[in-house]
Amino acid sequence: MAAVRIYRGNLLLGVTEAISGIPLLELAQAIGVEIPRNCTSGNCGTCMCRLKSGEVSMPDPLPPGIDEDLLEDGAILTCIGVPKGPVEIDLIPPL
């Protein structure tokens, strides 16, 4: 099982299993963890979170809601980010 652990700071909010092709936002919603969202297409950046560990695939080219500098700081968009194995995310974005 590739576990997806969702935190707010140091507080663990939930754990679920990564499912191939399913974005983090949907995985979180399925276990009752609400992540702020708006467009669900990567354009607004509302669902931006910080990747603590693991790898999340993001589309290429990047949508307007995120850029390379934010990615380097650990930012991901949960609406379009798909886990590539076990990951830990923090709902507090790296801003």
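**Cysteines, a loop and a charged patch**

Reply: C39 is partly exposed, with a relative accessible area of 26%. Keep in mind that the model is a predicted one.

Me: How far from C39 is the nearest cysteine sulfur?
Reply: A disulfide requires two cysteine sulfur atoms within 2.5 Å. C39 is in no disulfide. The nearest cysteine sulfur belongs to C44, and its distance is 3.6 Å.

Me: Which cysteine has the sulfur nearest to C47?
Reply: C47 is in no disulfide either. The nearest cysteine sulfur lies 3.6 Å away, and the cut-off for a disulfide is 2.5 Å. That sulfur is the one of C79.

Me: Is C47 buried or exposed?
Reply: A residue counts as buried under 20% relative accessible area. The value for C47 is 4%, so C47 is buried.

Me: How many disulfides does a search of the whole structure find?
Reply: In general, a disulfide is a covalent bond between the sulfur atoms of two cysteines. C39 takes part in none, and C47 takes part in none. For the whole structure, the number found is zero.

Me: Which residue does a cis peptide bond join to P61?
Reply: P61 is found in the loop between β4 and α2. The omega of the cis bond is about 10°. The residue joined to P61 by this bond is D60.

Me: Is D60 buried or exposed?
Reply: D60 is placed in the loop between β4 (56-57) and α2 (68-72). Exposed means over 50% relative accessible area. D60 has 77%, so D60 is exposed.

Me: What charge does the surface patch with D60 and D67 have?
Reply: D67 is in the loop between β4 and α2, and D67 is partly exposed at 37% relative accessible area. Patch members need over 30%. D60, D67, E68, D69, E72 and D73 gather in this patch on the surface, and its charge is negative.

Me: How many Å apart in space are D67 and I80, C-alpha to C-alpha?
Reply: D67 and I80 are 13 residues apart in sequence. In space, C-alpha to C-alpha, they are apart by 14 Å.

Conventions. Residues are numbered from 1 along each chain as its sequence is written. This is a predicted model: local features need pLDDT of at least 70, side-chain atom pairs count only at pLDDT 80 or more; totals for chains, interfaces and linings use all residues. Side-chain values use heavy atoms; hydrogens and water are left out. Patches are made of residues with over 30% relative accessible area and no salt bridge: like charges are joined within 9 Å, nonpolar side chains (Val, Leu, Ile, Met, Phe, Trp, Tyr) within 5 Å. Accessible areas come from the Shrake-Rupley method with a 1.4 Å probe; for residues, only the protein chains shown count as cover. A salt bridge is a side-chain nitrogen of Lys or Arg within 4 Å of a carboxyl oxygen of Asp or Glu. Lys and Arg count as positive and Asp and Glu as negative; His and the chain ends are not counted. The place of a charge is taken as NZ of Lys, CZ of Arg, CG of Asp or CD of Glu. Helices (H or I, at least four residues) and strands (E, at least two) are DSSP runs, numbered from the N terminus. Buried means under 20% relative accessible area, exposed over 50%, partly exposed in between (1.4 Å probe, protein chains only).
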